[in-house]
Amino acid sequence: MTNISRRGMLQATAVAGAVTATGAAKKGVTTYVFVTGANGVATADPELALRGYRTVGVELPGHGPAEQFHASYQAPQDLATFASLPSPVAGVTLDDHVAATVKAVRRAAPHGPVILVGGSLGGVVITKVADAVPDLIHRLVYDTAFCCTRLRSAADYLGTPEGKASLVPNLVKGMVADPRVIKASRTNWRTNDKEFLRAAKEAFMAEASEGEFLAMLNTLLPDESLQVPVADARGHKDRWGRVPRTYIRHAKDRTIPLALQDRMIREADAATPGNRFQVFTVEASHAPTAEATRKIIEILDRLGK
């Protein structure tokens with residue numbers, strides 16, 4: 001991390017003056033800051049905006065579509081060329097994701113309470129953001145997301161008995177490059193391979209129609225960092241552990257199985273018994289359908305009031 005510039009110090013002072021000791025801004029409109037999971041792009045929710053909130057998606061380093069998309073990824077695909085391209089996320093770390101998110105939180109906090117929402121792998125990011133700027137966050141929301149406390153990383157949790165039911169390993173057949181060469185994972189989400197598409201649908205969105213599933217799949221970026229899933233993402237009790245938090249369980253999730261979600265909730269609550277998760281449940285796969293998304297929005301709306 002670079003030294004804080006004088007301008008940065010002034011900005012930090014202004015932000016600190018705009019919030020209370022518990023992290024809630026004194027006045028203003030609630031801002032939902034969304035941190036995507038693996039292979040995701042920065043997105044915000046228009047329905048929340050229509051309900052009067054401010055919403056913003058964090059563009060994580062190397063996750064800009066212009067950085068990841070290439071003519072060889074289009075149809076007809078040139079997979080030999082595609083597999084040889086340098087990756088924009090090679091070397092990208094959890095610290096990089098955290099720095100980008102902290103920047104967004106700092107910009108939003110002077111205008112009102114910040115609710116920081118992490119989905120899937122985005123959970124490891126929001127935990128470390130809360131470690132960095134706990135007083136700027138009104139609430140953390142883990143939407144079927146990794147929350148590391150007893151174990152150090154998302155990968156460690158997937159290696160538990162509860163995590164071994166995950167269907168993520170079935171997606172390896174979609175990889176189109178050697179991770180040791182490009183220093184990243186690269187998946188061909190635009191393939192027409194029926195076996196892979198069936199595996200991806202089961203893992204991500206089993207109850208969706210084919211059209212809804214394919215629409216979701218085509219929003220995913222091909223490349224993801226190898227370092228973020230294995231990074232130490234445990235929060236400190238006296239920083240992350242004092243920020244109010246909510247967990248939205250996805251009962252039909254086969255990427256982060258429900259038993260694994262429940263384990264992470266239990267372990268976090270045991271780490272900070274005075275600040276336990278507020279828990280909601282939706283009947284949804286890992287990637288929610290439009291119907292399930294509406295239920296998640298209702299939960300988020302309730303948290304913002």
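1. Let me start with a surface detail: Arg234 counts as partly exposed, at 32% relative accessibility. For accessibility, buried is under 20% relative accessible area, exposed is over 50%, and partly exposed is in between, with a 1.4 Å probe and protein chains only. Arg234 forms a salt bridge with Asp232, with 2.6 Å between the closest N and O atoms. The term salt bridge stands for a side-chain nitrogen of Lys or Arg within 4 Å of a carboxyl oxygen of Asp or Glu. Asp232 is partly exposed as well, at 31% relative accessibility.

2. A word on the model, before going on. It is a predicted one, so local features need pLDDT of at least 70 and side-chain atom pairs count only at pLDDT 80 or more, while totals for chains, interfaces and linings use all residues. Residues are numbered from 1 along each chain as its sequence is written, and side-chain values use heavy atoms, with hydrogens and water left out.

3. Now the overall picture. The secondary structure comes to twelve helices and eight strands; helices (H or I, at least four residues) and strands (E, at least two) are DSSP runs, numbered from the N terminus. The radius of gyration is 19 Å, which agrees with the value near 19 Å for a compact globule of 305 residues. That radius is taken over C-alpha atoms, and the globule rule is 2.2 Å times the number of residues to the power 0.38. The C-alpha trace spans about 55 × 40 × 40 Å along its principal axes. Of the 305 residues, 52% are buried. Taking contacts (heavy atoms within 4.5 Å) between residues at least 6 apart in sequence, 74% join residues at least 24 apart.

4. The largest nonpolar core has 42 residues, and Leu116, Val124, Val129, Ile137, Leu140, Tyr142 and Phe146 have the most contacts inside it. Here a nonpolar core is a set of buried Ala, Val, Leu, Ile, Met, Phe, Trp, Tyr and Cys residues joined through side-chain atoms within 4.5 Å. Elements that each supply at least two residues of this core include strand E1 (31-35), strand E3 (114-119), helix H6 (122-132) and helix H11 (258-271). Helix H5 gives the most, with six residues. Another core, of 19 residues, lies apart from this one, and among its members are Val176, Ala200, Phe204 and Phe213. In soluble globular proteins, nonpolar side chains tend to be buried together.

5. Leaving aside neighbours within four places in sequence, Leu140 is in contact with Leu116, Ile126, Ala130, Trp240, Val243, Pro244, Arg245 and Thr246.

6. Helix H10 (residues 210-217) has Phe213, Met216 and Leu217 buried. These residues cover an arc of only 100 degrees around the axis, which puts them on the same side of H10; the arc is that of the directions from the helix axis to the C-beta atoms. The buried residues of H10 pack against helix H9 (194-204).

7. Two buried polar residues deserve a look. Glu267, in helix H11, counts as buried at 7% relative accessibility. A polar contact of 2.8 Å joins its side chain to that of Arg263. A polar contact is a pair of N or O atoms within 3.5 Å; within protein, one must be able to donate a hydrogen and the other to accept it, and residues adjacent in sequence count only if both atoms are side-chain atoms. Thr144, in the loop between E4 and H7, is buried at 2% relative accessibility. The side chains of Thr144 and Gln261 are joined by a polar contact of 3.4 Å.

8. Back to charges: the structure holds 15 salt bridges. Side chains of opposite charge can pair when their charged atoms come close. Lys128 and Asp131 meet in a salt bridge (3.0 Å, N to O), and both lie in helix H6, three residues apart, about one turn of the helix. Lys128 is buried at 18% relative accessible area, and Asp131 is buried at 8%. Asp269 forms a salt bridge with Arg276, with the closest N and O atoms 3.7 Å apart; Asp269 is buried at 7%, whereas Arg276 is exposed at 51%.
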